[in-house]
Structures are given as C-alpha cells and as structure tokens.
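This report goes through the pocket, the nonpolar cores and several helices of one structure. The sequence and the coordinates come first.

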Amino acid sequence: MTSTVIAVVNQKGGTGKTTVTMNLAAGLARRGRTLVVDGDPQGSAGQWARMAPEDRPFPASVFAVAGPLDRELKALRRDFDFIVVDCPPTLEGGTVAGALASSDRVLIPVLPSPMDLWGSVRMGRSLDEAKAANPGLKPSIVVNQVEMRSALSRAMKGALMEIDIPALGQHLRRRAIYRRAALEGSSVYDLGKPGLAAAAEIDAIIDEVLA
Ligand SMILES: Nc1ncnc2c1ncn2[C@@H]1O[C@H](COP(=O)(O)OP(=O)(O)O)[C@@H](O)[C@H]1O
Ligand SMILES: [Mg+2]
C-alpha cells in the first residue's frame, strides 16, 4: 500500500482544522498505520492527544514538526499508510507550503457562510503554486459546523459553486460530541452511541478523500 498524506489547511483560525485532523486520523487508524503531524506551533493536536487517559490512548501518534515539512513527510511516508497534517492558521513560515508540496490531498475546512468561505479561499494562489510543483495534489473544501436542522443556505451553495476548489459532498454538522472528543483526548469513534452519527460523517469524508 502506498501512503496517503492529507494536509488540513486554512489560514483562518477556528474553522475546524484540528477537529477534522484528529477525527479523520482516528478513523484512518482503523484502516492502516496512521500518524498525525502537528504543524501548528500552538500544538493543539499534541494537546488533544495528551488529554487521553493512560488506559485509552489516542489511536494515532502525534508528531510535532516545526518549520518546513517536506523532508520530514518524505521520510515519514515509509512508516505510515496515512499521515494527516494539522497546519497553522497562516500561510507564512513555510509550514503550509511544505505540507502542500508533499501531500496528496488537501482538506480545507470552512464555516458555512459565504463570508467565511471567501476569507478561507484567499489561499487559492498558494494552492496554484503548490499544484505547479505537485500536480497530483487534490484539494477539497469540507464545510464544517453545519447547523443540525438547516441544510446549507442557498447563498452558501452559490458561493461554493463560484470558487474553483470542489467541495466534498459530505459536510460536518455542528455537534457537541466534537467538542467532547477534544476535551477527552478521544474521537467520535470512541464515545459510544452519541458519537455514531458523527463517526458516520467522518467515515464518509474518509471514503471521499481516499476515492
Ligand atoms: N463540527 C463541529 N461541531 C461542534 N464544534 C466544533 C466542530 N468543529 C469544530 N468545533 C469546535 O470549534 C472550535 C474550533 O475548532 P478547531 O478544530 O480548533 O479549529 P482550528 O484548528 O481551525 O483553529 C473548537 O472549540 C472545536 O471544538
Ligand atoms: Mg487548530
């Protein structure tokens, strides 16, 4: 099996990068050897994993990398089937550029409003540059924190159609269980029945990303 590296990127904070990274990694860990690379100097992926109780460790290791990631990722590919890279909320410092240069997929979590979407896709130029050097790179938007009872607004659907980065068909709903998973150093896969719907969402995203 060749390895798949997924970079989770958005230059805005609070859009769900770490939440997507950790739950995706937990889902991927059920399918193969999985590593989280914590590329955010704030270290929130590492902190998340350290919240886990000793008798129930987070299902993937978290490896903190400061600065450019390209060389590290190349080496780590040998030992893992899946690597998920949690990126810092900035395009400066070379971390995102390094991640984009050596990833197979890019997931861009965005909040479900056109304003947030436009703020998020200002990274379009970085993606174009990365694709020039890494033509296989496949970016997708994943809409996060969709309200339970409402589908995407017509304005958001229109905005998604106007930009040239495709959105995954599966969205993530706003669910308290995602916050709980972070507090417990766990994932929606390990929180019993209340996590089932969220785990199904994450599984569907994994299927789309690996397709
Ligand atoms: N789908 C969701 N449902 C509920 N809360 C969420 C969801 N996604 C993210 N959050 C919460 O939103 C906040 C920001 O998410 P986070 O993953 O830390 O974003 P980022 O890493 O992009 O800064 C966190 O408190 C997180 O628990
Ligand atoms: Mg984060």
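The text below takes the pocket first, then the cores, then the helices and single residues.

The model is predicted.

**Pocket**

The largest pocket has a volume of about 460 Å³. Its lining is made up of 22 residues, and those nearest the centre are Gly 14, Thr 15, Gly 16, Thr 19 and Gln 145. By class, the lining comprises 6 nonpolar, 10 polar and 6 charged residues. Three helices, α1 (17-29), α2 (44-50) and α8 (176-183), each contribute at least two lining residues. Of the elements, α8 gives the most, with 4 residues.

Gln 145, one of the residues nearest the pocket centre, sits in the loop between β6 and α7. Its phi is near 65°, a positive value in a residue other than glycine.

**Nonpolar cores**

The largest nonpolar core has 34 residues, and the members that touch the most other members are Val 37, Ile 83, Val 85, Leu 117 and Ile 141. Apart from this core lies another, of 32 residues, among them Ala 25, Ala 45, Phe 58 and Ile 177.

What does Val 85 touch, not counting residues up to four places away in sequence? The contacts of Val 85 are Val 5, Ile 6, Ala 7, Val 8, Thr 21, Val 37, Leu 69, Leu 73 and Ala 99. Val 37, in this list, is also among the members of the largest core that touch the most others.

**Helix α8**

Which residues of α8 are buried? They are Ile 177, Tyr 178 and Ala 181. These residues cover an arc of only 105° around the axis, which puts them on the same side of α8. Residues three or four places apart in an α-helix point the same way, because there are 3.6 residues a turn. The other side of α8 carries the exposed residues Ala 176, Arg 179 and Leu 183. The cover over the buried residues of α8 includes α1, α2 and α9 (196-210). Of these, α1 and α2 also supply residues to the lining of the largest pocket, as does α8 itself. Just after α8, Gly 185 takes a positive phi of about 60°.

Within α8, Ile 177 counts as buried at 8% relative accessibility, because the cut-off for buried is under 20%. Leaving out residues up to four places away in sequence, Ile 177 touches Val 188, Leu 191, Pro 194, Gly 195 and Ala 198. Ile 177 is also a member of the core of 32 residues.

**Helix α7**

In α7 (residues 154-162), the buried residues are Met 156, Ala 159 and Leu 160. Seen down the axis of α7, they fall within an arc of 100°, so they line one face of the helix. The face turned away from the buried side holds the exposed residues Arg 154, Met 161 and Glu 162. Among the elements covering the buried residues of α7 are β5 (105-110), α5 (114-120) and β6 (138-143).

**Single residues in other helices**

Val 209 is part of helix α9. With 5% relative accessibility, Val 209 counts as buried. Its contacts, leaving aside neighbours within four places in sequence, are Ile 6, Arg 105, Leu 107 and Leu 168. Ile 6 is also in the contact list of Val 85.

Val 96 lies in helix α4 (residues 95-101) and is buried, with a relative accessible area of 3%. Leaving aside neighbours within four places in sequence, Val 96 is in contact with Val 9, Cys 87, Pro 88, Thr 90 and Leu 91.

Is Gln 47 buried or partly exposed? Gln 47, in helix α2, has a relative accessible area of 46% and is partly exposed.

| Residue pair | Separation along the chain | C-alpha distance |
|---|---|---|
| Gln 47 and Val 62 | 15 residues | 9.4 Å |
| Val 209 and Pro 139 | 70 residues | 9.4 Å |
| Ile 177 and Asp 116 | 61 residues | 23 Å |
| Val 96 and Gln 170 | 74 residues | 24 Å |

Key: Residues are numbered from 1 along each chain as its sequence is written. Chains are lettered from A and ligands numbered from 1 in the order in which they are written. This is a predicted model: local features need pLDDT of at least 70, side-chain atom pairs count only at pLDDT 80 or more; totals for chains, interfaces and linings use all residues. Side-chain values use heavy atoms; hydrogens and water are left out. On a 1 Å grid over the protein atoms alone, a cavity is a set of points where a 1.4 Å probe fits but cannot get out, and a pocket is an open set with protein on both sides within 12 Å along at least five of seven lines; lining residues have an atom within 4 Å of a point. Grid points are joined across faces, edges and corners, and a volume is the space filled by probe spheres set on the points. Ala, Val, Leu, Ile, Met, Phe, Trp, Tyr, Cys and Pro count as nonpolar, Asp, Glu, Lys and Arg as charged, and the others, Gly among them, as polar. A nonpolar core is a set of buried Ala, Val, Leu, Ile, Met, Phe, Trp, Tyr and Cys residues joined through side-chain atoms within 4.5 Å. Buried means under 20% relative accessible area, exposed over 50%, partly exposed in between (1.4 Å probe, protein chains only). Contact means heavy atoms within 4.5 Å. The arc is that of the directions from the helix axis to the C-beta atoms.
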